[in-house]
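Hi everyone, thanks for coming. Let me put today's model on the screen, and then we can walk through a few parts of it together.

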Amino acid sequence: MALTETNALVLQGGGALGAYQAGAFTALNEAGFSFDWIAGISIGAINAALICGNRKEDRVAALETFWTRITANLPVHAPVWAPLGRRAFSEFAAAEVTMVGAPGFFRPRMPAAFWPFGPAPALSIYDTTPLADTLNALVDFEYLNEAGPRLCVGATDVETGNFTYFDSRSTRIDARHIMASGALPPGFPPVEIDGRYYWDGGLVSNTPLQYVMEQAEGDDPLCVFQVDLFNARGGLPTDLIEVQQREKDIRYSSRTRLTTDRYRQLHTLGTAAERLAAKLPDALKDDPDLAVLRHAGPPCPVTLVHLIHRKQGFEGSGKDYEFSRQSMSDHWSAGSADVERTLSHTSWKTRRVGADGLHVFDLGTTETQGNQS
């Protein structure tokens, strides 16, 4: 009898790079994957809401509509780009976004908003009212809360600095929760929810992987597709633009692999405690200290699939706010290609569902040469 496997999708923050996640989801959807649980931070929360807030047959269309809408200001597609020309265009596109914003997403505030002696000085450079309208138009929040996959989005409490998760299992999600997860200062304003104010979850952790691992429950195997937009690994920069890129990669990758290693160790500890319990006399089997050790890691076998956006040659220091149609299309295609490469890899095709422990696959690019652990 085939084991039932719970599929989860974990989406990191990364602004314009989020098109990579949309492409990855599209390829996974075409491959027949159905997700029971989706967690996101920042742009990952927006993509997650677009997926969870639409019926299965409408999810890709919702993603396409969103990403087409917010890249409408720079729709350039050139059939051939010289490397330097492509990179120059990317830098120009990012600069233009800082001046005019992204349609359906954010717009610059009027200069008068920054007058320090006004009755209500602005708390952000941009106004995100357009994003609220876009989310309410493209996300069916009633469906999301009543019938969609479980949705978890992370945000940071401005006053306490604490990380908060809004989970559709316990909270009725609306556009505010999604916008709170992506309210990166000083660009975007804090979002008020029930008297508390929230900024982007990426200020504390840019990936919701830890939350998913901590909240895993039941005996059914869990398969987590983690779609990261910043790569913790990279070469030594050769110019200032690459210095800025590398700094962002390190800061926002949130040490995904460190979290992975931690949970592998916790799973090993829990398994060892189970073996020890089997050797103990009955009087000690219910010892509370032993119980803590037995539940150190996730209670179920976990497969973790890394899908990581790798640096593309045209990207500049503003890659996370470069909302051109050209770059969106390139990132979307890269996400789709990495999924196809992963699912066609021999290591993935021969994996054993339900094998005990934490099994990590990093097969999405030729750079990784099919790493599995």
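Let's begin with α3, where R59, V60, A62, L63, F66, W67 and I70 are buried. Buried here means under 20% relative accessible area, exposed means over 50%, and partly exposed is in between, with a 1.4 Å probe and protein chains only. Those residues cover an arc of only 160 degrees around the axis, which puts them on the same side of α3; the arc is that of the directions from the helix axis to the C-beta atoms. As a reminder, an α-helix has 3.6 residues a turn, so residues three or four places apart point the same way.

Before going on, a word on where this comes from. This is a predicted model: local features need pLDDT of at least 70, side-chain atom pairs count only at pLDDT 80 or more, and totals for chains, interfaces and linings use all residues. Residues are numbered from 1 along each chain as its sequence is written, and side-chain values use heavy atoms, leaving out hydrogens and water. Helices (H or I, at least four residues) and strands (E, at least two) are DSSP runs, numbered from the N terminus.

What do the buried residues of α3 pack against? Their partners are α1, α2, α5 (129-138), α6 (141-146) and α13, with contact meaning heavy atoms within 4.5 Å.

Now look at α1, residues 19-30. Here 11 of the 12 residues are buried, so α1 is largely enclosed by the rest of the structure. Its cover includes β1 (6-11), α2 (43-52), α3 (59-70), β9 (222-228), β10 (302-308) and α13 (325-343). After α1 comes G32, with a positive phi near 100 degrees.

S42, at about 60 degrees, sits in the loop between β2 (37-41) and α2. D194, near 50 degrees, belongs to the loop between β7 and β8 (196-200). Which is buried and which exposed? S42 is buried, with a relative accessible area of 12%, whereas D194 is exposed, at 68%.

One more backbone detail: the peptide bond from P185 to P186 is cis, with omega near -5 degrees. P186 lies in the loop between α7 (175-181) and β7 (191-193).

That's my tour, so over to you for questions.

Terms used. The expected span of a helix is 1.5 Å times one less than its number of residues.
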